[in-house]
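Let's take a walk through this one together. Have the model open and follow along as we go.

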Amino acid sequence: MYNAKSINADEFINDEEIMDTLSYAESNKHNVELIDSILKKARMRNGLSHREAAVLLDCEIEDKNQEIYALAEQMKKDIYGNRIVMFAPLYLSNYCINGCVYCPYHCTNKHIVRKKLTQEDIKREVIALQDMGHKRLAIEAGEDPVNNPIEYILESIKTIYSIQHKNGAIRRVNVNIAATTVENYEKLRDAGIGTYILFQETYHKKSYEALHPFGPKHNYAWHTEAMDRAMKGGIDDVGLGVLFGLELFRYDFVGLLMHAEHLEAAFGVGPHTISVPRIRHADDINADSFENGISDDVFAKVVSCIRLAVPYTGMIVSTRESQSCRERVLHLGISQVSGGSRTSVGGYEEPEPEDENSAQFDVMDTRNLDEIVRWLMDLGYIPSFCTACYREGRTGDRFMALSKNGEIQNCCHPNALMTLKEYLEDYASPETKTIGEQLINSELANIPREKVRGIVTENLKKIEDGSRDFRL
Ligand code: SF4
Ligand code: SF4
C-alpha cells in the first residue's frame, strides 16, 4: 500500500499508486479546468503532488503547455535568479562488479580499459581541473569493494580538498558512489562532502531487476532506500535522478516525484538536486537498442514539469546533452550544468589515447569551460562557481527553508558575481573576461540591498587585488 512516510521502498514507491496516477493523468489530459487549477497552485511555488504533475506532463493542449514552459522558467528565476552553477565530474575508477546493462563499466565488458586513479593521478587531475577554473566536483566510481573500497573514496576526497594550486581550490566535492551502509554515509559526511548523488536509474522494480541482472545493485530495496540511510548517516543534501530511456518516462517521472515526496515526508528535507540524464552511446552500449528513449520535446516537458513540482530543488543537466538541447532546458528550469567534462577515468591532465577509451558515455557538448562560461553569459545567465551553502552550514532543512521562500537568491546572486570575478581574473580568455566584466558591472545594480551591494563591490576590488574566496 502507498505510504510516503514508510521506510519500505515498495510502499513509498508504490507500483499501484504509480499506475493509478498514470491513468488519472491520461483521463485528465484535456481537462482544462483541472489543468488551470494545477497551474494556479504551481504559481504559488509550493510544489505539486505527483498526481498533479503527471496531469501537466500528459497535457496535450498547446497553449497550456506554453504556460507550463513559461512558468517553469519564471519559477527558476524567482527562486535562484539568473545564476547557473558550474561543476565537473571526476571519474576515479571504472572497476565495477555490477552488471548494469546500460553502462559500459559492467563487469562482463571485457574489452573496456579498466583504470583507477592513484592519489598522485588525482592530484594531477585536480590541478588540471583547477587550472580550468572549476571549484566544484562530482566524483564518480564504480562499485567494487576490493578496488574502490570506502577508504579509497575517503582518501581521494581528502586529497582533492588538500590541493591548493595557484589561486585554485576545489571547495565542494559531491559524491556519486553506489548505495552503501549508514556507517559509510557517516564517514562521507565526516569527510565534508557536499551532496550525495545516486541515480535510481528506474523506479520500475521488475525492469530495475532485469537491467541490473547481478551484483549488489540488483537489490532494488537496498538501492531505493539508500537516500534514507544517507539521511540517517547525517548527509542531508542528497541528489536524485533517473536514467531516462530505460523505462517508460511517465512511470519514472512519477516515481521520481514520489521519491522526493518521501524524503520530505520522512525527513522534512526534499532532494537537494534532481538530475535528468538520458541514455547515451558508449563502448559496448548502443543507446538505440533501448526502446524507451525520449525525444528532445518530451525531455523538455519532463524538465519543466519537474521544475513546477519541486520548485526548490537544483536541477542538473550534464554534457550528455548537446549545446542546443542544454540551451532549451536552461530556459525551463535547469540551475546547474557541467562544463569541459571528461567522462573517462582521468583525461583532464591529458586526453586519453584513442585505444584506451574508458569513458562512461559519449559527451555531446564538447566545448571547453571558457566557451561554456561565455555561452551562458551570452544567454543572459551568470555562470557561478559558488560553493557557499554547505561551507556556511546552509544544508538540509536550513537550505530548504531559504530555497522554498526564494530568499536563497540573496546569497546566490552576489556569490555568483564574486566567484565569476575570480574566474575572470584567473582563468578566462580575454574575450570572456571583457564580456564578464560588463555583466558583473550591470548585475551589481540588481543587488537590492545597498549594504550587500557595498560588500560585494568591495570584495570585487579585493579579488582584483589578489584576495580570494569571499562568500555570503
Ligand atoms: S552504472 Fe554504476 S554500478 Fe552500474 S556498471 Fe556502471 S559504474 Fe557499475
Ligand atoms: S548560495 Fe548556495 S544555493 Fe546559491 S549557488 Fe551558492 S551554494 Fe548554490
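Start where the two domains meet: 19 residues of domain 1 are in contact with 23 residues of domain 2, a contact being two residues whose C-beta atoms, placed from the backbone, lie within 7 Å. On the domain 1 side, the elements giving two or more residues are helix 5 (62–80), helix 15 (369–378) and strand 11 (382–384). Helix 15 gives the most, with 4 residues. By class, this side of domain 1 has 10 nonpolar, 4 polar and 5 charged residues. Here Ala, Val, Leu, Ile, Met, Phe, Trp, Tyr, Cys and Pro count as nonpolar, Asp, Glu, Lys and Arg as charged, and the others, Gly among them, as polar. Helices (H or I, at least four residues) and strands (E, at least two) are DSSP runs, numbered from the N terminus.

A word on what you're looking at: this is a predicted model, where local features need pLDDT of at least 70 and side-chain atom pairs count only at pLDDT 80 or more, while totals for chains, interfaces and linings use all residues. Residues are numbered from 1 along each chain as its sequence is written, and chains are lettered from A and ligands numbered from 1 in the order in which they are written.

As for the domains themselves, the assignment gives domain 1 as 77–391 and domain 2 as 406–464; such bounds come from an automatic or database domain assignment. Their C-alpha centres lie 28 Å apart.

Now look at ligand 2. Its shell draws at least three residues from each of domain 1 and domain 2. Around the ligand you'll find Arg83, Val85, Ser384, Cys386, Thr387, Ala388, Cys389, Ile408, Cys411, Cys412 and Asn415, each with its C-beta atom, placed from the backbone, within 6 Å of the ligand. Strand 1 (83–93), helix 16 (388–391) and helix 18 (409–426) each supply at least two of the shell residues, and helix 18 has the largest share, with 3. The shell divides into 7 nonpolar, 3 polar and 1 charged.

Finally, zoom out. The protein has 20 helices and 11 strands, and its C-alpha trace spans about 60 × 55 × 40 Å along the principal axes. A compact globule of 472 residues would have a radius of gyration near 23 Å, and the 21 Å found here agrees; the radius is taken over C-alpha atoms, and the globule rule is 2.2 Å times the number of residues to the power 0.38. Buried residues make up 52% of the 472, buried meaning that 20 or more other C-beta atoms, placed from the backbone, lie within 10 Å of a residue's own. Among contacts between residues at least 6 apart in sequence, 78% join residues at least 24 apart.

Technical notes: A residue is buried if 20 or more other C-beta atoms lie within 10 Å of its own, exposed if 12 or fewer, and partly exposed in between; C-beta atoms are placed from the backbone.
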